[in-house]
Amino acid sequence: HLFSALLVIDIQHELTKIDEGSNEYKQAIGFPRMIANTKLLVEAVRANREKEDNAQVSGSGSEIIFTYLEALTDNSRDVSLDYKLSGPGLSNLPTPSSPATFFPGISPIPGKDIALPKTSCSVFQSTNLDYILRNLNVEQLVVCGQLTDQCVESAVRDAADLGYLVTVVEDACGAENEDSHQKGLHGMQGFARRVETEQVLRELSGSSTASATDNDEGVLAQDLIVNTSLATAPAGNFAISIPKPSEFLTNTIGGCHAAILRSLRAAGVKFLRYAVVDAFNTIRCKMVPLNHAIASLPSRTQRNHAVSLSSPLDNPVSIAEICFAGLPAHADVPVASSNLTARNVLTLQPDFSSLRVLPYAPRTAMIMCTAHNQQTKYLSPFCTRGLLERVLHEAREGMGVEFCVGAELEFQLFYSEPQDGLPQPVDMTTFANAVTLNEQEDFISTLYEQLGEQDIPIELIHAESAPGQMEVVLSYTSNVMQVADDVVLTRETITACAKKFGMKALFLPKTSMMTAGSGLHLHFSFRNVGESSSDNLFSDPTQPIGISLRGGSFIEGLLGHLPSLLSFSLPTVNSFRRVGPGCWTGNSVGWSTEDKDAPLRVCVDLNTGNATNVELKLSDATANIYLELAMVLAAGMDGMKNGQKLRPMIDDAAIEPLPNSLQESLDLLKKNSFLLSVLGPELGTAYVAVRESEAQIEKTLEEEVMNAFNKA
């Protein structure tokens with residue numbers, strides 16, 4: 001039997017206000033049609049359920065599940081990040097004290113229907129719906145509700161990925177306008193069967209002797225039995241059970257990944273390294289022998305209840321939850337106030353777009369992962385890569401923008417053997433000096449080749465101001481996650497190449513108070529989703545300073561949160577040794593154009609003179625790049641959402657000093673409700689606790705340098 005459920009999404013008074021005198025699409029057509037047809041569907045399923053109850057049918061599949069927006073707390077503090085960023089309409093949901101209300105005929109019946117409040121777009125991400133459906137043995141979902149291109153589409157795609165057979169009732173869904181409705185339906189193509197209410201009602205009222213043709217596309221018929229003239233197979237040892245077509249899926253994803261793994265093996269790769277970066281910038285990884293990974297792949301075809309349409313290599317390894325946010329960078333010593341223990345483990349889900357063969361370890365390939373709850377498979381709140389994915393999703397779906405990011409990574413080269421107990425830089429040259437390029441040509445050439453083998457594009461390499469210091473400029477791109485991965489991989493490659501040539505690479509922000517420090521400068525701009533890279537919305541030549549109004553709001557969002565943001569971009573005690581007058585990082589809150597001593601520097605195109613992006617100089621390579629980008633972009637989005645007006649340049653504005661220490665920045669972070677809401681309570685508590693424990697450790701600069709040198 002195919003057990004089925006009708007899933008009604010977000011049809012509630014708070015979201016579906018009807019003005020009978022309006023000519024607006026959703027008021028005159030979309031919502032009234034959705035409400036009327038959903039009522040018919042609910043009535044039909046309830047009628048079937050009553051027949052089953054009267055017939056005392058056990059385990060029937062006539063379920064109705066209502067999902068609706070309602071916070072779990074009266075101040076809505078538990079709602080998702082994207083809703084918080086979307087303004088009062090979604091950040092202030094119905095609450096337990098003021099609960100959601102429903103339409104007559106489309107209201108859950110206590111004790112009979114299932115009602116699930118949710119606090120984000122996706123019902124599968126913010127509720128235990130999948131768990132409930134599995135317990136009910138439901139394999140088939142019929143979906144209706146609103147909005148077609150948002151919550152409905154999200155639910156349908158998630159359900160299909162989880163292996164459910166999905167039917168979308170087109171005329172029982174609603175959107176803001178016809179274009180959005182059609183866009184949502186188009187986005188569900190390939191994930192669900194699309195029908196109208198009339199067809200579903202026919203299927204519900206059809207007899208149990210429907211033909212095989214009627215059932216080929218997965219009709220809503222929890223008790224449909226295919227009758228034929230063939231004799232029933234006799235009971236006994238010789239009886240076999242052939243899976244129905246609806247139970248049989250071709251696992252094409254597994255085939256693709258099997259081909260990738262076999263290609264890696266043919267190229268001499270023996271190990272697959274699953275990697276994550278913890279909140280404090282430690283790369284943590286486990287390695288699976290490639291032959292074992294290939295042998296563990298599922299067969300090409302399986303029953304659909306046994307096959308997952310996600311990666312067949314998901315979750316082969318796990319790492320203790322405490323390793324993600326409960327251990328400081330200097331040692332695996334748990335910080336009690338992080339509220340994390342070794343009790344729980346998180347499984348690692350690989351992102352195949354990040355797969356790289358490591359040229360400095362050519363028998364190994366590495367793949368970046370997200371961390372997930374072992375039981376529910378939901379993304380862990382401690383996963384910083386996942387946090388960046390969520391922020392980028394909100395930018396695309398909630399604001400219609402794509403961010404472009406570039407990175408400039410600075411480091412110092414030291415001879416691998418210290419002299420008189422002290423690390424010795426490989427040269428004593430100055431900024432953009434040819435001596436470094438000449439003397440380190442073999443190192444530079446090998447580094448460039450190995451980065452190229454990993455598809456990490458480089459725009460520029462040059463000597464920097466400090467002894468033995470160099471800078472590698474990564475290409476500017478709209479693929480923000482790739483930039484983050486490339487920063488991690490570039491740092492690893494530089495370290496490995498330096499060792500090959502008898503050197504050590506240090507990314508420590510400050511190695512001497514008498515010389516320049518090393519940073520990780522980040523550049524930001526944005527464009528409309530789907531537009532070309534030349535459509536830069538940050539720039540507007542018609543404005544007096546060449547920055548668009550939204551670009552100015554983005555900068556103002558950063559400035560408003562900058563003192564707290566330093567907890568993520570300058571996350572160590574040593575980081576703050578690089579901040580101050582004359583350090584070319586700035587020591588007060590402000591911005592300027594082409595001023596290398598301003599914390600936020602607006603960069604100008606050398607050919608056109610137009611503003612192109614804003615550079616954050618208060619950043620270094622001790623930061624977790626995923627976490628830093630997530631927090632910086634969220635701060636900028638906060639400014640854009642609220643239309644904040646950009647303050648005057650730093651020379652004309654009142655001076656607001658920056659924090660002088662990590663602890664001072666953390667104290668400000670603890671008062672910044674917006675940034676804490678982006679982090680979430682679990683990660684926020686752990687991050688502050690561990691960083692505060694690090695801030696309390698007293699070390700001299702010399703001790704910090706030797707510690708970094710010994711670990712390099």
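Student: Before we dig in, what is pLDDT?
Tutor: pLDDT is the predictor's confidence in each residue, on a scale from 0 to 100. You need it here since this is a predicted model.

Student: OK, what's the mean pLDDT of the chain?
Tutor: The mean is 86, and 88% of the residues reach 70 or more.

Student: Where is the pLDDT below 50?
Tutor: Residues 207-251 are one such stretch, with 69 contacts in the model beyond near neighbours in sequence. Residues 300-312 also have pLDDT below 50, and that stretch has 40 contacts beyond near neighbours. Where pLDDT is low, the predicted coordinates should not be read in detail.

Student: On to the inside. Which residues touch the most other members of the largest nonpolar core?
Tutor: L388, F403, F443, F524 and I555 do, in a core of 126 residues. Helix α18, residues 625-641, gives the most to this core, with 12 residues.

Student: What does F524 touch?
Tutor: Leaving out residues up to four places away in sequence, F524 touches C404, V405, Y476, F554, N613, V614, L616, L629, V632 and L633. There is also a second, separate core of 32 residues, which includes L7, A71, I132 and A192.

Student: Let's switch to helix α7. Which of its residues are buried?
Tutor: In α7, residues 178-187, the buried ones are S180, H181, G184, L185 and G187.

Student: Why do those count as being on the same side of α7?
Tutor: Because they cover an arc of only 160° around the axis. As background, an α-helix has 3.6 residues a turn, so residues three or four places apart point the same way.

Student: Which α7 residues sit on the other side?
Tutor: D179, K183 and H186 are on the other side, and they are exposed.

Student: What do the buried residues of α7 pack against?
Tutor: They pack against helices α1 (25-54) and α6 (148-161), plus strands β5 (165-174) and β6 (193-195).

Student: What's going on at the start of α7?
Tutor: A side-chain oxygen of N177 comes to within 3.3 Å of the backbone nitrogen of D179 there.

Student: How far apart are the C-alpha atoms of Q27 and T16?
Tutor: They are separated by 8.8 Å, with the two residues 11 apart along the chain.

Student: Now strands. How do β8 and β9 pair?
Tutor: β8 (residues 271-277) and β9 (residues 283-289) are antiparallel, with 7 bridges. V276 has R284 in β9 as its bridge partner. The hairpin has 5 residues between the strands, and N281 takes a positive phi near 75°.

Student: And what does β12 pair with?
Tutor: β12, residues 345-350, pairs with β11, residues 318-320, in the antiparallel sense over 3 bridges. In that pairing, A320 has V345 as its bridge partner. β12 also pairs with β14, residues 364-373, again antiparallel, over 5 bridges. There L346 stands opposite N373.

Student: What is the phi of N137?
Tutor: N137 has a positive phi of about 60°, although it is not a glycine. N137 lies in the loop between α5 (129-135) and β4, and at 48% relative accessibility it counts as partly exposed.

Student: And where does D455 lie?
Tutor: D455 is in the loop between α15 (441-453) and β16 (458-463). Its phi is positive too, near 60°. D455 counts as exposed, because its relative accessibility is 60%.

Technical notes. Residues are numbered from 1 along each chain as its sequence is written. This is a predicted model: local features need pLDDT of at least 70, side-chain atom pairs count only at pLDDT 80 or more; totals for chains, interfaces and linings use all residues. Side-chain values use heavy atoms; hydrogens and water are left out. Contact means heavy atoms within 4.5 Å. A nonpolar core is a set of buried Ala, Val, Leu, Ile, Met, Phe, Trp, Tyr and Cys residues joined through side-chain atoms within 4.5 Å. Buried means under 20% relative accessible area, exposed over 50%, partly exposed in between (1.4 Å probe, protein chains only). Helices (H or I, at least four residues) and strands (E, at least two) are DSSP runs, numbered from the N terminus. Two strands pair if DSSP finds at least two bridges between them. The arc is that of the directions from the helix axis to the C-beta atoms. A polar contact is a pair of N or O atoms within 3.5 Å; within protein, one must be able to donate a hydrogen and the other to accept it, and residues adjacent in sequence count only if both atoms are side-chain atoms.
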